[in-house]
Amino acid sequence: MNESSLILLHEPIVERIVRRYRTLPYLDMDDLRQEGRIGLLLALRRYRPDRGATFETYASWWVRKYVVDFLNRYGYPVHKPQRVKAGVVWERASLDEHEPLSYDDAPDRLMLQSEERARVEQALSTLRPRDRRIVCELNGWDCEVRPVRELARDLHLSLDRTRRLHRDALRRLRKALTKH
């Protein structure tokens, strides 16, 4: 079987992953599918059956990686709600000014110790109450992580506005933390 017929055979993997993001505003689903197909093509070329993983599992990982990278590259925050214990781990916030805001499940996580926690608490106090609530609830700071859709509904804001407020608040928080 040639590559194009294998890609067509495994197209449902791409569709299943891309379908998760169909509610994002102003997103061209054809572009997202194309990125997924690139991931699928890479999976076809790199797959080694002797490693023990099924092709579907291996391909899903590559397709998801390319789709999420595409979304992050064009400013769509990709978030998987996770449980966080009392703010000990802050999954998605980055203090490095040059690192883009990342909403994926990156393996490197920012661990906050007690003195760093105090610095973050101080920086959080500089934010407006609504922004502080958005940052705290979307990042699991002293509460469980909430989906952005649920928080937006509670605040009577659109999803896009909530994401922009979150992004801007994280930038201000980052700036306040680098001052200290």
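Arginine 48 is partly exposed, with a relative accessible area of 41%. Its salt-bridge partner is aspartate 50. This is a predicted model. In total, the count comes to 15 salt bridges.

**Arginine 48 and aspartate 50**
- The closest N and O atoms of arginine 48 and aspartate 50 lie 3.3 Å apart.
- Aspartate 50 has 59% relative accessibility, so aspartate 50 counts as exposed.

**Glutamate 11 and arginine 37**
- Glutamate 11 forms a salt bridge with arginine 37.
- Their closest N and O atoms are 3.1 Å apart.
- This pair links distant parts of the chain, 26 residues apart.
- Glutamate 11 sits in helix H2, residues 11–19.
- Arginine 37 sits in helix H3, residues 29–46.
- Glutamate 11 is buried, because its relative accessibility is 13% and the cut-off for buried is under 20%.
- Arginine 37 counts as partly exposed, at 27% relative accessibility.

**Arginine 146 and glutamate 150**
- Arginine 146 pairs with glutamate 150 in a salt bridge.
- Here the closest N and O atoms are 2.9 Å apart.
- Arginine 146 has 13% relative accessibility, so arginine 146 counts as buried.
- Glutamate 150 is partly exposed, at 30% relative accessibility.

**A network of salt bridges**
- Arg146 and Glu150 also belong to a network of salt bridges.

Terms used. Residues are numbered from 1 along each chain as its sequence is written. This is a predicted model: local features need pLDDT of at least 70, side-chain atom pairs count only at pLDDT 80 or more; totals for chains, interfaces and linings use all residues. Side-chain values use heavy atoms; hydrogens and water are left out. A salt bridge is a side-chain nitrogen of Lys or Arg within 4 Å of a carboxyl oxygen of Asp or Glu. Helices (H or I, at least four residues) and strands (E, at least two) are DSSP runs, numbered from the N terminus. Buried means under 20% relative accessible area, exposed over 50%, partly exposed in between (1.4 Å probe, protein chains only).
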